[in-house]
Amino acid sequence: MKTRVLKIDRESLGQAELKLVSGVLRNDGVMVFPTETFYGLGVLAFSENAVKKVYRLKERERGKPLSVVISDIAMAEEIAAVLPPFFWTLSHEFWPGPLTLVVKARPLFPEEMLGPAGSLGMRIPDAPWLRDLIRHLDAPITATSANLSGTGEISRPEDVIEIFQGKVDLIIDGGQTPGGLPSTIVDLASEQPRLLRAGAVPVSRLQKYL
């Protein structure tokens, strides 16, 4: 497989770049892209074929769901079966940003994507170019970390290229990402909000909600 590397250094994609990236994803392609923490593996989350590629690439066990990034609250309303009251509080305070909220999803996604009782993790990312891309596609994108299962997350584009050259269709080189901790995950699909993973949003800021 020939991997194209697209270097970006601004907040928005040009029309030619937007056309290139959206074309890759609409054809079930896989991209590696920078997030506000580490690099992620992105495919169209509605595509069963593309989602299966991510599991094979990561050597990830089935039954470990994938989260998605969305463009805005309107997309959250479109893909969620129900948005509980705490969703509105937490999304208003922490989005865009590295807080993943798990809610019950509509039956739009491949089975591999979903957690217990059809739940799905979602967040609005910080990067304006990524939100623009998702809005252009009118579909969420997977946001699992770009690494092999059991290995560490990647923040340097040089490492991404070394590992994924020839294995994905597109690498978006946005320079070194901040690293640190992955997104914090809060489960809102249960009766009471609960922390599933501590991460980039400190637990101290969430304590009053949990």
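**View A. Thr 37 in the loop between strand 2 and strand 3 of a predicted model.** Thr 37 is found in the loop that joins strand 2 (31–34) to strand 3 (39–42). Helices (H or I, at least four residues) and strands (E, at least two) are DSSP runs, numbered from the N terminus. Thr 37 counts as buried because its relative accessibility is 10%; buried means under 20% relative accessible area, exposed over 50%, and partly exposed in between (1.4 Å probe, protein chains only). Leaving aside residues up to four places away in sequence, Thr 37 touches Pro 98, Thr 177, Pro 178, Gly 179, Leu 181, Pro 182 and Ala 200. Contact means heavy atoms within 4.5 Å.

Residues are numbered from 1 along each chain as its sequence is written, and side-chain values use heavy atoms, with hydrogens and water left out. As this is a predicted model, local features need pLDDT of at least 70 and side-chain atom pairs count only at pLDDT 80 or more, while totals for chains, interfaces and linings use all residues.

**View B. The buried residues of helix 6.** Helix 6 covers residues 157–164, and its buried residues are Pro 157, Val 160 and Phe 164. Seen down the axis of helix 6, these buried residues fall within an arc of 55 degrees, so they line one face of the helix. The arc is that of the directions from the helix axis to the C-beta atoms. In an α-helix there are 3.6 residues a turn, so residues three or four places apart point the same way. The buried residues of helix 6 pack against strand 2, strand 3 and strand 9 (170–173). After helix 6 comes Gly 166, with a positive phi near 85 degrees.

**View C. Pro 157 in helix 6.** Pro 157 has a relative accessible area of 8% and is therefore buried. Apart from residues up to four places away in sequence, Pro 157 touches Tyr 39, Asp 173, Gly 175 and Gln 176. Pro 157 and Tyr 39 are 118 residues apart along the chain, and their C-alpha atoms are separated by 8.1 Å.

**View D. The packing of helix 1 against helix 5.** Helix 1 (residues 15–26) and helix 5 (residues 128–137) pack at an angle of about 55 degrees, and their axes are 10 Å apart. Axes are lines fitted to C-alpha atoms, for helices over the stretch in contact, and angles run from 0 to 180 degrees between N-to-C directions. The two helices are therefore oblique to each other: angles under 35 degrees count as roughly parallel, over 145 as roughly antiparallel, 65 to 115 as roughly perpendicular and the rest as oblique. Helix 1 contributes Leu 18, Val 21, Ser 22, Leu 25 and Arg 26 to the contact, and helix 5 contributes Leu 133, His 136 and Leu 137. These residues divide into five nonpolar, two polar and one charged. Ala, Val, Leu, Ile, Met, Phe, Trp, Tyr, Cys and Pro count as nonpolar, Asp, Glu, Lys and Arg as charged, and the others, Gly among them, as polar.

**View E. Two loop residues, Asp 28 and Asp 138.** Asp 28 lies in the loop between helix 1 and strand 2. Although not a glycine, Asp 28 has a positive phi of about 65 degrees. Asp 28 is partly exposed, with a relative accessible area of 22%. Asp 138 is found in the loop between helix 5 and strand 7 (141–142). Asp 138 is not a glycine but has a positive phi of about 55 degrees, and at 54% relative accessibility it counts as exposed.
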